[in-house]
Amino acid sequence: MDEERIQEILSSQLIDSGVLQESENLTMNNGESIDPALLAMILQQQQQPITRTNPSVVTSSIKTTTVGDNDDDLLLEDETILERIIALKEMFPESIQNTVGTINRTVINTSKFAYNKGRSVAWWITSTMCVLVFPILIQKELLQVAEQISHEQRSILLGPQAATGGISGGAF
């Protein structure tokens, strides 16, 4: 008896809102009875008034449904960019796939080669600088320090004029 009443309520609400369902959707399949929790929810919904804001929008206390919504959009899961790129594989012929694969492998191998050779060149330059150039720079610095020390010693022994290297002729 309650099932018949629920079917009448549902059919009257669907007709009022402009949504026409097939009679198969309103009746239960295989003679199954309605779940008591579902029955309680429908009865509670019946007691609360339905407010309408737009003729194509039905608002109730449970759910807002827009007539004409496409339920397929709600069922689609979000795809990642990688999944979309993999799905594009089906769109292109095998010759293009092989060409792109060859180009990809070539770029990767070239990058690995350049990285390894760059490391080797950097090591060669660094070791050459340490072995050949740094000793020359250190020796040059030592010579400048020795020359400065000799100037200081001359200035202490012979006076300030001897440090500049100028000997005046008036002293003779």
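A residue is called buried when its relative accessible area is under 20%, exposed when that area is over 50%, and partly exposed in between, with a 1.4 Å probe and protein chains only. By that rule, 7% of the 172 residues of the protein count as buried. This is a predicted model, in which local features need pLDDT of at least 70 and side-chain atom pairs count only at pLDDT 80 or more, whereas totals for chains, interfaces and linings use all residues. Residues are numbered from 1 along each chain as its sequence is written, and side-chain values use heavy atoms, with hydrogens and water left out.

The secondary structure comprises 7 helices and 3 strands, arranged along the sequence as α-α-α-β-β-β-α-α-α-α; helices (H or I, at least four residues) and strands (E, at least two) are DSSP runs numbered from the N terminus.

One salt bridge, defined as a side-chain nitrogen of Lys or Arg within 4 Å of a carboxyl oxygen of Asp or Glu, joins Arg84 to Glu79, with 3.3 Å between the closest N and O atoms. The count by this rule is 1 salt bridge.

| Residue | Relative accessibility | Class |
|---|---|---|
| Arg84 | 52% | exposed |
| Glu79 | 47% | partly exposed |
| Met129 | 33% | partly exposed |

Met129 lies in helix α6, which spans residues 94-158. Together with residues including Trp124, Phe134 and Leu142, Met129 makes a nonpolar surface patch of about 1100 Å². Such patches are made of residues with over 30% relative accessible area and no salt bridge, like charges being joined within 9 Å and nonpolar side chains (Val, Leu, Ile, Met, Phe, Trp, Tyr) within 5 Å.

Note on methods:
Areas by Shrake-Rupley, 256 points an atom, 1.4 Å probe, with all protein chains shown as cover.
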